[in-house]
2 protein chains.
Amino acid sequence: MTRYLITGGAGYIGSSVADRLLQDANNEVIAFDNFSTGRREFIEDALKKPNYKLIEGDLLDTAAIDKAMEGIDFVFHFAANADIRRGCEHPRKDLEQNTIATFNVLDAMRRNKAREIVFSSTGPIYGEAQIIPTPEDAPLPIQTSLYGASKLACEGLIEAFCEGFGFTSYIFRFVSILGERYQHGHVYDFYKQLMETPERLYILGNGKQRKSYLYIQDCIDAIFTAVEHKENKVNIYNLGTPEYCEVTDSATWISEEMGLNPKFEFSGGDRGWVGDNPFIFLDTKKIQSLGWKPKLTIKEAVVQTVKYLKENEWLLEDRK
Amino acid sequence: MTRYLITGGAGYIGSSVADRLLQDANNEVIAFDNFSTGRREFIEDALKKPNYKLIEGDLLDTAAIDKAMEGIDFVFHFAANADIRRGCEHPRKDLEQNTIATFNVLDAMRRNKAREIVFSSTGPIYGEAQIIPTPEDAPLPIQTSLYGASKLACEGLIEAFCEGFGFTSYIFRFVSILGERYQHGHVYDFYKQLMETPERLYILGNGKQRKSYLYIQDCIDAIFTAVEHKENKVNIYNLGTPEYCEVTDSATWISEEMGLNPKFEFSGGDRGWVGDNPFIFLDTKKIQSLGWKPKLTIKEAVVQTVKYLKENEWLLEDRK
């Protein structure tokens with residue numbers, strides 16, 4: 001019996017990992033979520049399982065996370081503010097919800113003797129990488145977003161706890177993730193726009209930004225592959241597909257899947273917003289060397305995501 | 001007239017920079033300090049100057065730093081918890097006094113339209129560097145101390161504010177600094193030990209740890225050289241001497257300068273404490289390319305520090 005705690009347990013990736021863990025009746029899963037972006041709909045099935053428990057709480061409440069950590073063996077820490085684009089509108093948010101929240105998780109682990117942690121880091125920690133595809137040991141980057149800065153700060157905290165307190169960590173630098181339960185990002189924005197104005201699509205930047213994406217189930221396969229291959233105190237992997245697309249490619253696939261042929265309008269410039277990286281493409285040879293390969297291409301993952309949104313249009317409604 | 005704010009303004013480096021700035025009567029200097037490690041003795045001369053002002057306050061008090069930032073043009077941010085060795089005894093301290101405090105400085109700058117910042121980062125952000133001497137663009141390191149992790153987090157925050165809010169930053173990754181007003185580190189510890197027990201010196205590790213040091217006035221020269229050569233939004237420089245010594249070398253120089261010949265006793269192992277890096281040696285070609293060179297060797301800086309401690313034994317007394 002292994003007891004897992006998943007922070008952001010009702011979120012996109014957290015709830016998907018929970019479902020995967022619950023396939024094994026020997027696993028006990030505690031989901032911790034403040035429902036700022038988590039969704040009760042994502043955990044409906046999980047809540048029916050006897051080996052699943054939901055704790056509503058916030059990671060800035062150290063007493064709450066301390067209590068949730070009792071008896072935990074292994075932590076999946078996915079709770080985060082993932083809104084890279086609006087970082088400058090509320091500068092303190094990434095600090096609090098990412099850096100400080102991660103510290104609180106680590107310190108609760110220390111006090112409760114939980115010693116393994118999976119962490120969702122992100123490609124933007126590489127800033128505007130000079131080496132593309134970007135390997136895990138790229139030159140020390142200059143941060144270009146509060147989001148990237150906060151996630152790099154989390155990585156450093158996790159590594160220091162590994163050194164100081166004997167933790168083992170698995171740090172994954174994700175590209176954007178697509179697929180079931182997706183509820184945030186360009187596919188969501190484009191889909192919503194096209195539902196409202198099917199004849200035109202407004203695209204931030206010049207549409208030539210090159211990005212890489214990964215399908216959620218491929219992402220979870222990669223995480224479990226890395227955990228099975230535990231090699232070091234600190235295990236860092238880029239996660240992405242070995243390909244990229246332009247924003248305009250993705251806009252075309254989304255439109256096609258919706259049966260539309262909108263006129264694309266561009267805000268112009270080589271990036272969508274301050275801190276947007278016009279070319280994100282991670283070198284994923286390290287995780288592939290463990291035998292993992294993505295099952296879906298980027299195009300297939302985009303199409304899968306559109307299908308999912310079609311079947312779940314409640315996700316497009318403004319949150320109450 | 002330029003208005004400077006120096007956080008940690010009554011500290012070792014902060015008070016030394018203040019004295020340098022006050023040599024120009026056109027500079028206005030506001031020192032901000034909570035006197036956790038700052039010393040009133042260091043600012044006695046400064047306080048006599050009409051263009052100097054002291055504000056007692058803590059960087060976790062956002063209202064206090066916000067008020068201190070009014071009308072400021074340029075910030076020297078030196079306030080920090082610099083106790084790398086005891087990080088694991090109080091894990092939250094580096095987060096609060098370094099990462100969160102730095103965020104508060106940056107956010108107060110943003111609100112008050114101060115746009116230039118000098119920041120004291122540190123060699124330990126390179127973790128256990130694989131490339132030695134370590135250049136500024138070393139491969140993304142794994143953090144091995146809460147102190148290093150917190151300083152790297154500060155760097156990332158500063159860089160993100162530069163990108164998002166048009167700041168200019170000068171980030172200096174220091175080796176340990178020696179010289180006048182030194183009050184913390186191995187020379188201090190060894191001097192104090194030898195005052196109490198002149199016949200033996202207890203050394204953490206095997207004494208073969210290789211470290212680099214820089215004299216305080218050379219450090220300040222380098223900072224002002226870099227600021228004069230402003231090149232980018234983010235300007236990062238290693239600061240150190242182009243040489244290193246072993247801990248045992250330094251122990252010998254200290255003993256000689258004190259006229260002692262103690263027996264060295266070693267705690268053993270290749271490092272002094274968890275997270276201690278047995279070999280810190282920074283590549284300083286970048287700052288040297290601007291025409292800067294250190295005036296003192298490591299040995300001269302160690303001897304200078306011992307002379308200073310001899311003349312200022314009040315620094316060895318336990319703080320009230």
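Predicted model: local features only at pLDDT ≥ 70, side-chain atom pairs only at ≥ 80, totals over all residues.
View 1. Seven strands line up in an open sheet, in the order β3-β2-β1-β4-β5-β6-β11 (chain A). The pairing is parallel. At the edges you'll find β3 (52-56) and β11 (234-239) of chain A, each with a single partner strand, so one side of each is left without a neighbour in the sheet. Go from one strand to the next and the twist averages 15°.

**View 2. Zooming in on β1 and β2 of chain A.** Strand β1 (residues 2-7) of chain A runs parallel to strand β2 (residues 27-33) of chain A.

**View 3. Two helices lying across strands.** Helix α1 (residues 12-21) of chain A lies across β1, β2, β3, β4 (74-77) and β5 (116-122) of chain A. The angle between α1(A) and β2(A) is about 165°. Helix α4(A) lies across β1, β4 and β5 of chain A, and runs at about 175° to β4(A).

**View 4. Where chain A touches chain B.** Here 31 residues of chain A are in contact with 31 residues of chain B. On the chain A side, the elements giving two or more residues are α4 (91-112) and α5 (146-165) of chain A. The largest share comes from α5(A), with eleven residues. And what is that side of chain A made of, by residue type? It splits into 17 nonpolar, eight polar and six charged residues.

Notes. Residues numbered from 1 in each chain as written. Chains lettered and ligands numbered in written order. Contact = placed C-beta atoms within 7 Å. Helix = DSSP H or I, 4+ residues; strand = E, 2+ residues; numbered from the N terminus. Nonpolar A, V, L, I, M, F, W, Y, C, P; charged D, E, K, R; others polar. Pairing = 2+ DSSP bridges. Axes fitted to C-alpha atoms, helices over the stretch in contact; angles between N-to-C directions.
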